[in-house]
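Thank you all for coming; I would like to walk you through one model this morning, beginning with the fold and ending with the aromatic side chains. Please have the sequence and the structure in view as I speak.

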Amino acid sequence: MLIRYKKIFEKIAMGLLSFMPEEKDLKKLQQTVKQYETDENWHLFLWKANEDFIGLIGFVQTDENTLVIQHITVNPSHRGQGIGKTMVQSIQEMFPDKQFKPTETIASFFQHCKNTEGSA
């Protein structure tokens with residue numbers, strides 16, 4: 001289930017974001033989390049399964065109708081289970097009137113999610 005980011009989830013979010021190649025540097029990671037906390041156009045959600053947070057999806061609203069997904073990551077021990085695809089589908093259901101676009105970094109994964117919609 002998707003849960004909107006709150007300050008109390010900061011360490012968990014930083015841990016999950018650190019799995020993204022461009023977020024390896026601690027200073028960059030801290031800046032990214034601060035941006036999600038302070039910019040009203042940046043939105044971050046964590047994916048909770050059972051009692052654990054195992055994934056994360058973040059996007060920025062660039063205009064009234066467009067949301068750009070810039071972060072999507074799943075804990076490596078939970079990859080290959082369709083969690084990333086489920087997060088993309090869940091966020092699209094939460095914002096059905098918005099158009100989603102990926103950043104270049106996640107474009108291939110986003111396209112994979114779109115191509116496998118409806119399949120098991």
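This is a predicted model: local features need pLDDT of at least 70, side-chain atom pairs count only at pLDDT 80 or more; totals for chains, interfaces and linings use all residues.

How many helices and how many strands are there in the protein? There are four helices and five strands, where helices (H or I, at least four residues) and strands (E, at least two) are DSSP runs numbered from the N terminus. Along the sequence their pattern reads β-α-α-β-β-β-α-β-α.

Residues are numbered from 1 along each chain as its sequence is written, and side-chain values use heavy atoms, with hydrogens and water left out.

Of the 120 residues of the protein, 42% count as buried, meaning under 20% relative accessible area, with over 50% called exposed and the range in between partly exposed (1.4 Å probe, protein chains only).

As for Met87, its contacts (heavy atoms within 4.5 Å), leaving aside residues up to four places away in sequence, include Leu2, Trp47, Ile57 and Ile72.

Now to the aromatic rings. A search of the whole structure finds six aromatic pairs, that is, rings of Phe, Tyr and Trp (its six-membered ring) with centres within 6.5 Å, called stacked if the planes are under 30 degrees apart, edge-to-face if over 60 and tilted otherwise. The centres of Phe59 and Phe95 are 5.5 Å apart and their planes lie at 75°, so this pair is edge-to-face. Phe59 lies in strand S3 and Phe95 in the loop between H3 and strand S5 (99-102), so that the pair links parts of the chain 36 residues apart. Phe59 also forms an edge-to-face pair with Phe100, at 6.2 Å centre to centre and 75° between the planes. Phe59 has a relative accessible area of 0% and is buried, and Phe100, at 11%, counts as buried too. Phe45, Phe59, Phe95 and Phe100 form one aromatic cluster.
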